[in-house]
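The sequence and the structure come next.

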Amino acid sequence: MRTIGLTIIGYVGCLALIPGVAHIQAAGQPLQSPTTPDAVRSQQAFIAQYCVTCHNQGLQTGGLVLENADLGDVGADAETWEKVARKLHGGLMPPPGAPRPDRTTSETFVSWLEAQLDGAAAARPNPGRTETFHRLNRAEYRNAVRDLLGLDIDVASLLPADGSSYGFDNIAGVLQVPPTLMERYLTAAKNISRAAIGTPPSAPNYDVFRVPADLPQDDRLDGLPFGTRGGTLIRYNFPGDGEYAIRVRLAREAVGAGGVDVPRYDVPQQLEVALDGERLQVFTLPATDRAALAPRALNPRPGRDRAGDEPPPQPAPRRYRQADRSLVDTDWQVRFFAEAGPRDVSVTFLNRAPALLESLNEPYLHPYPAGGETLWGSRKGAYLGRVDISGPFEVRGRGDTPSRQQIFQCYPADSSEEPACARTILSNLTRRAYRRPVTAADLEGPLRFYEQGHASGGFEAGIELAIRRLLVSPEFLFRTEADPPDVAVYEVSDVELASRLSFFLWSSIPDDELLDLATQGRLRDPEVLDTQVRRMLADRRSQALVDNFAGQWLYLRNVPALTPDLYTYPDFNEGLRRAMKRETELFFEHIMREDRTVLDLLTADYTFLNESLAEHYGIPNVHGDTFRRVTLPEGSVRGGLLGQASILAVTSLPNRTSPVVRGKWILENILGSPPPEPPADVPPLPEETGDGPSAMTMRQRIAEHRENPVCASCHSQMDPLGLGLENFDSTGRWREVEATGDARAASFVPIDGSGAFPDGTEFGSVLELKRALMARSDRFVATMTEKLLTYALGRGLEYYDAPAVRAIARDAARRDYRLSALVLGVTKSVPFQMRRRSGS
């Protein structure tokens, strides 16, 4: 490990010796602006004119006093001056109503101030301190098991969800290990080691896979064969060679007083069960026999005399009953032989002419079941409700699974070869699990467990028990970084750097190539590091950046929980919910894979759509469930994140939009200026009252809310930004008018999509809002850099990290802000490559 002390090293020597700081010096603009007395007096005049009015000894607004602040040595109070720079950058200060400098004057002062702060940071680097013990979160544990053992596990069934902080669930400070979690790790290690080796379960497994009731199944679903509709595709790990059973159940509808039944259709419905594309069985739901059934009208009107004076009722649709309809799929089960390992089980309907009765009205897009007395269904055929997979019932072998191929790099021909082969296998697994070279002492524990297992069950039982031991080892469950003696600030070792890289880009353990370079001490070489980062981004495992970084930064993990009010949004369904999330995931992944500028996230002229989402957006000529890149027409409101339904829906309420939440999202995730948390006694937003013209629009309601002085200071920053997105309803669909009042006497009012930024810049529409954000693209890049660095380090950023953020952004500007430039900048930064000793 290379270390340096900073007690007597000056500015020039520090830059020469520390690669991370040298990188900061080389990144873009010079580190220092003039600090002559005249330059300092000029900047002091700015503070006196625009800041001291509030931040003086008398008022001390916000607990900040700038009246006698020394601009000649901003590094002495870097924390305060970083706050000043952030407020000015975001246009949050001076407050509304106070004299404001023009934009050029403000930017000139901020640039000068940040240059002074960067120079002070380069002279005395402070990389911050990551936690000594950093537990793997649930996603990292799953990926580590996958890459270590070649086994994909359902981690949600094994471990509880992790806490989060600073917007991410990989923050070391909140990843504690209570006793109950340790018990879960022990159980998980037992189940995983058995599955990896292929040890048959003590009793047949029984797994249930439910299909969401609101998932449309009227057309082909992505991943399922052409010529089919609906159903589900299950990636299932068969634990051994043997006999299994699949049982399928159709979706039911509510009938009568609490009963359920299979819907009735005029043509037969055929359901195919297949394994890896090979048909196992076809089940047939017979057509309803109309002649044998008595019709019943919906909504009968008992006690009414149709011959009386009252006008005759409108004819009602007819429904048909069949006594044993609920038992039709009781015996829909197929038994079959399957080899061990991960395989695709598909259960889907063979697509025929629509089975919907012709008397039904055009259905909603939401697949309503034909239940109750007043609601007709909109499903065009039978739906799949659930799939149960059980087995193995008769185990015939352990098979040659991917996990066994990865574990058994050798296999003994006889008992004399077993000790040497076991040591080879466990040396390789321990090196990968511990993410470093292993010593003889490291192997003592796994080998001891191997011997115990071998004594009771033979060679494979010994390997299984040793793997179980590895999976509960602190060296596997925790990323550890130890301080060297007598050094205040130091570079992390190459091996530690390898783990930082792999958990940043892959949310998993380093592979052999990365570990080999780290062991050789070559990973920190700039060219080698650059090559490895690009290789890792191109690897399929970098999908973790989409799932875990973008998924949390952009709130995509919240999309599956969206439950819009179906009375207000009757077309919303599970298919649309999934499409919303998938669009943004593919959008971010495309930028990463194609190494495009991150500014596409604001104003791209393309997106990724399937038919369901395209119809939701009103975009024609997109057919089928498969996603594809679609070029947007000029002037489309859908360009960039702020036009995507996922973002618009997760920042709304179930029954209405929320300009407050949307404005807060823009401030936090695009402009990097999050408002403070609301007080505990904040009054709620007034709900709609009155009918027709007397009801308030959303703009009027939040304006009334801002009249409360307690609310005004923050809402005056958030609300005007959120109102710029008011033309999108709470499911992300475009609208021109807003309904006010209740359903009995609703009025429709044209939506006003104008708003303003905290610095007073006004816009009149969502397109003008996006153009104004592009004019502040430097703030967006800085915000994204902060999010990336927070995620990469597993800790929240502090004021001393701001110079590194600026250096990364300056360097990325020379490469058109491509995503790879930001990622490379993070990996070469002082906080990522260095660490501060505890207590220093």
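The model is a predicted one, in which local features need pLDDT of at least 70 and side-chain atom pairs count only at pLDDT 80 or more, while totals for chains, interfaces and linings use all residues. Residues are numbered from 1 along each chain as its sequence is written, and side-chain values use heavy atoms, with hydrogens and water left out.

The cysteine sulfur closest to that of C54 belongs to C51 and is 8.9 Å away, which is too far for a bond. A disulfide is a pair of cysteine sulfur atoms within 2.5 Å. C51 takes part in no disulfide, and its relative accessibility of 9% makes this residue buried.

The structure has one disulfide. C410 and C421 form this bond, with 2.1 Å between their sulfur atoms. C410 sits in the loop between α8 (402-407) and α9 (418-434), and C421 sits in helix α9, so the bond ties together parts that are eleven residues apart in sequence. Helices (H or I, at least four residues) and strands (E, at least two) are DSSP runs numbered from the N terminus. The torsion about the S-S bond of C410 and C421 is about 115°, so the disulfide is right-handed. C410 is partly exposed because its relative accessibility is 23%, whereas C421, with a relative accessible area of 5%, is buried.

Strand β5 (residues 241-250) has eight of its ten residues buried, so the rest of the structure largely encloses this strand. Two strands pair if DSSP finds at least two bridges between them. The pairings of β5 are listed below.

| Partner of β5 | Sense | Bridges |
|---|---|---|
| β12 (residues 333-338) | antiparallel | six bridges |
| β14 (residues 384-391) | antiparallel | six bridges |
| β15 (residues 395-397) | antiparallel | two bridges |

G242 is placed opposite V395 of β15. R247 faces Q333 in β12 across the pairing, and V248 has V387 of β14 opposite. In a regular strand the side chains alternate between the two faces of the sheet.

Terms used:
Buried < 20%, exposed > 50% of the residue type's maximum accessible area, 1.4 Å probe, protein only.
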